[in-house]
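User: I would like a close look at one strand in this model and at the strands beside it. Please then go on to some other parts for contrast.

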Amino acid sequence: MFWKAALRAPLAFLAFAAAAHAQLPVARLDAVSPMGAQIGRSAEVGIAGAELEGATLHFSHPGITATPGEANRFQLTVAADVPPGTYDAWVTGDWGASLPRAFQIGAFPVATVPGEAKGADKAVALTPGTVWDGVAEAGAAHHFRIDAKAGQRFFVEMSAARLGSRTDGSLVLLDPSGEELARSLESAHGDPLLDHTPAADGALTLRVSDRLARGGTGYGYRLRLSEGPHIDYVLPASAPPGTRTTLQVFGRNLPDGTPAGDGLERIEMEVDVPSEGRPRSSALNGPAAAGLRGFEFRLGEGAAASNAVFVAHADAPSTIDAADNAAPDSAQALTVPCEVSGRFSPGSTDHFTFAAAAGTAYIVEALSHRFGAPSDPVLTVLKLGADGSATPLGSSDDDGANIGGRAYRTDHRDAAVRFTADADFTARVELRDQFGTRAGYRLQVRTAQPRFDLIAAPAPNPAVDNQGGKRVERAGLTLRRGEVGIVQVYALRRDGFAGEIALKAEGLPGAPISGKIPAGESSCLFAIASPGAAEPFDAALRIFGSAEIGGARVEKEAVPAAAGWTVGDADQEAVQARLGQAFPLAAIADPAPLAIAREGDATAPIQTSLGAKLEIPFTLTKTGEIKDKITVNAGGLAGTGNKAPQVQVEKDQAGGTLAFELRNDRDNNRFRAGTFELHLTAKSKVGYRRYVAEAEAAEKAKADAAAAAEARRKERDAAKAALDEAREATAETEEAKAHRVAAAEEALKAAAAAATAAEEARKAAEAAANGANERAKPQDRQFANHSPPITIEIEPAPVRIQLGPVPAAAPGSAIELPVEIERRYGFAEGLTLAAALPDGSGLTAPDVPVAKDAATGALAITVAADAAPGERRFEVVAKMKWNGMDLERRAAAVLQVAAETAPDPPAAAPAPEAPAPAAAP
């Protein structure tokens with residue numbers, strides 16, 4: 001894959017280990033072994049990671065269940081109706097929830113590669129129908145034996161990178177003499193695929209390793225030998241959901257396949273495209289692929305099935321790239337909207353034409369790189385004239401913007417051209433790959449379809465120095481009592497959609513939590529609060545976003561994202577981020593040592609203005625030892641530039657005030673008017689104690705053992721005194737005395753033994769308590785906690801204006817429009833009143849200065865003598881400069897231009913009286 005070359009920098013796990021000590025313990029899952037299981041079977045799996053006490057293992061499909069065993073082992077059961085594919089696996093336990101790992105479910109039995117496979121003389125027999133699951137070892141290779149038959153083509157496929165493994169796989173095939181026959185490194189989705197046809201019968205050796213000889217936890221791989229069909233690609237690569245379509249299948253060893261060039265065969269099949277699409281599971285999906293839905297296509301069933309290829313859902317009729325469109329005069333004609341599936345050819349350009357209608361906005365988009373291909377499409381759209389001219393309308397190379405930072409990159413090398421037709425004409429599209437690959441592509445020609453997709457991921461932990469975003473940490477979302485967790489929600493806005501997206505979180509105890517991504521913004525920080533005194537729980541968090549688009553309410557579920565492993569410097573080592581199926585979250589009983597909240601009514605919005613000084617008083621609650629000053633800053637407010645507002649308070653203070661100015665003349669700030677949310681973050685060094693309950697229980701056991709030992713000691717002393725008394729007795733007979741002494745000696749013996757045992761128990765309890773107290777000793781850790789969200793209403797200016805009545809005016813007259821000015825947030829400077837008049841209105845109004853502290857003003861509006869009667873809509877604008885910002889406040893007004901008054905008409909002469917009716921004869 002395109003990121004593989006950058007993944008070869010080692011030491012990521014070492015960097016993580018150093019950083020982990022600086023924060024509070026949270027469950028971390030590094031590996032599940034084996035990395036998959038067979039449908040309808042049971043198997044034992046193990047987990048590796050950190051802070052796994054009390055761990056239970058979960059999966060994103062309800063048909064996969066795990067029962068805990070010993071030493072982080074689990075008995076796994078896979079139901080018979082679980083579809084083949086890749087699912088999420090994660091743990092929850094005493095220390096919260098981990099992020100998921102990929103877990104593969106298939107039709108083949110699974111075997112574990114034995115350790116002795118490191119020796120060539122201990123090579124494991126590799127036969128069709130079994131998946132071998134192994135872990136690459138540093139400085140060593142695993143060896144497998146393939147009993148080959150002359151002319152029998154076979155494939156060896158590794159799954160590692162596509163499952164989130166760190167293994168950069170290498171497959172080398174050797175003949176019986178040790179000579180190399182074939183090798184494969186990166187082939188399918190970043191993993192090797194070895195294709196070989198033996199010239200003779202014989203035992204061949206397959207050497208399997210990481211290409212840089214790395215290994216250990218996190219370096220798992222899966223290996224399968226197949227003599228059946230292998231699919232390289234299908235055309236079309238997409239189809240409308242709920243339809244029946246013909247797929248052209250290209251591959252090797254295809255049943256009844258006909259030659260198709262490049263060593264491939266071809267067959268055609270009719271398939272039903274499912275109405276409900278699912279994300280691709282045959283390979284990892286990066287953040288740029290959010291929203292991709294479709295189905296996995298295979299040839300055959302069960303253990304005889306081929307590999308899977310993904311067929312995407314198309315939003316428009318799907319067709320196939322013509323073979324003869326490599327020249328402009330043979331361009332393939334398209335009907336809009338449509339989607340074309342094709343393959344790049346090195347040094348060649350594909351040409352297409354479509355009819356563009358005047359006034360229509362079009363989007364021409366090529367999709368290839370964002371779905372894992374090592375391609376770089378270049379797209380050009382031209383307007384063809386009747387005179388044979390070709391005028392460029394736009395050209396595009398890399399169109400994708402990155403809104404996910406270094407951790408969740410959404411940029412890509414795909415291309416898109418957008419234009420609005422100024423007339424009816426024929427448009428020509430030219431598409432090529434400047435990397436010269438034979439990768440597949442999907443070309444979409446459509447009118448604008450505003451929409452969005454969402455990605456949700458744990459926000460960076462502010463307790464860890466992420467070195468300006470260079471450090472990317474793999475850490476799940478775990479909430480201690482009193483803790484507020486933050487989820488980063490990203491909006492991939494499509495086709496010009498810029499509206500507000502309302503968010504809600506489900507799957508948690510209590511009512512859903514709400515938030516929003518403001519209009520025009522690409523992300524927000526979404527707060528998830530601990531349930532306080534409620535019982536600990538674990539859940540699969542689900543975040544939904546909805547927006548008004550084209551008069552309809554559209555809802556999308558956010559796709560969870562996670563980094564594959566912790567990266568110390570993302571400028572030196574690429575981050576392998578993957579989209580998943582579940583967002584695990586857990587609340588645990590461990591108390592947060594520090595909490596922060598807005599003082600007063602935290603639910604009431606704070607009203608302010610651009611240019612104003614925003615002051616947020618806060619309170620601090622401490623349940624642990626605070627060892628340094630507490631840094632408080634504000635996060636999540638749209639428009640904050642490269643310097644987050646912050647304040648420091650002493651460790652013993654109970655609160656303070658964070659104050660900053662909403663100015664855009666510094667720190668690359670881009671504050672704007674509207675309603676937004678922010679949260680406060682409090683960070684400090686704390687003396688963190690873990691295993692406190694165990695230490696308290698051990699202390700109690702120690703005290704109980706000491707009390708028991710003291711009681712047994714007293715009983716022994718009493719028994720000894722009783723024996724002395726028996727020996728000194730003189731009033732008894734010798735026989736009675738002897739009997740009494742013997743009984744006292746037995747009682748003393750038993751009491752002494754009990755006292756010795758109690759003393760040993762006391763010593764053991766004391767040692768256990770010392771050990772527990774040592775484990776529970778405070779350790780210096782960095783900790784950060786967030787406040788619940790705070791709503792900020794930012795006005796465009798520190799004044800509000802109220803217009804008086806607007807009288808009607810005749811042409812050639814003038815009126816005076818009174819304006820009341822309400823000054824807010826301490827603004828007392830002078831300002832200017834102006835009228836924003838539309839062109840051709842026939843109105844004029846000079847700007848009017850308003851003195852400092854004045855609460856009223858008036859605009860003089862003159863109506864031109866030739867102004868036509870009717871309404872004139874305009875705005876009154878209050879302009880001011882405050883704290884370095886030019887601000888304005890507007891109010892709408894309507895002036896009625898009256899018709900000229902006509903002179904009274906002359907009085908009419910009285911009408912003659914009507915003659916009386918004639919009498920009846």
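Analyst: Start with strand β53, which is joined by five bridges to strand β56 (residues 674-688), the two running antiparallel. This is a predicted model, and what follows describes that prediction. At one point of this pairing, N633 stands opposite T681 of β56.

Strand β53 also has strand β54 (residues 646-649) as a partner, through four bridges, and this pairing is antiparallel too. In general, strands of a sheet are held to each other by backbone hydrogen bonds, in a parallel or an antiparallel arrangement.

How many of the six residues of β53 are buried? Five of the six are, and β53, which covers residues 630-635, is therefore largely enclosed by the rest of the structure.

Three strands form an open sheet with mixed pairing, in the order β21-β26-β25. Its edge strands are β21 (238-239) and β25 (294-297), each of which pairs on one side only. Strand β25 is joined to β26 (residues 309-313) by four bridges, and these two strands run antiparallel. Within that pairing, E296 has F310 of β26 as its bridge partner.

Next comes a helix. Helix α2 takes in residues 692-728, 37 residues in total. From its first C-alpha to its last it reaches 54 Å, close to the 54 Å expected at 1.5 Å a residue. The buried residues in α2 include A695, A698, A705 and A709. Further along α2, A719, L723 and A726 are buried as well. Part of what covers the buried residues of α2 is helix α3 (734-775).

Last, consider the aromatic rings. The count of aromatic pairs is twelve, with rings taken as paired when their centres lie within 6.5 Å. Ring pairs link F354, Y362, F419 and F425 into a cluster. Charged side chains also meet rings: R690 has its charged end over the ring of W95, 4.6 Å from the ring centre. Likewise, K556 lies over the face of F452, with 5.6 Å to the centre of that ring.

To return to the strand you asked about: β53 is bridged to β54 and to β56, and five of its six residues are buried.

Definitions and conventions: Residues are numbered from 1 along each chain as its sequence is written. This is a predicted model: local features need pLDDT of at least 70, side-chain atom pairs count only at pLDDT 80 or more; totals for chains, interfaces and linings use all residues. Side-chain values use heavy atoms; hydrogens and water are left out. Two strands pair if DSSP finds at least two bridges between them. Rings of Phe, Tyr and Trp (its six-membered ring) pair if their centres lie within 6.5 Å; planes under 30 degrees apart count as stacked, over 60 as edge-to-face and the rest as tilted. A charge sits over a ring if NZ of Lys or CZ of Arg is within 6 Å of the ring centre and within 35 degrees of the ring normal. Buried means under 20% relative accessible area, exposed over 50%, partly exposed in between (1.4 Å probe, protein chains only). The expected span of a helix is 1.5 Å times one less than its number of residues. Contact means heavy atoms within 4.5 Å.
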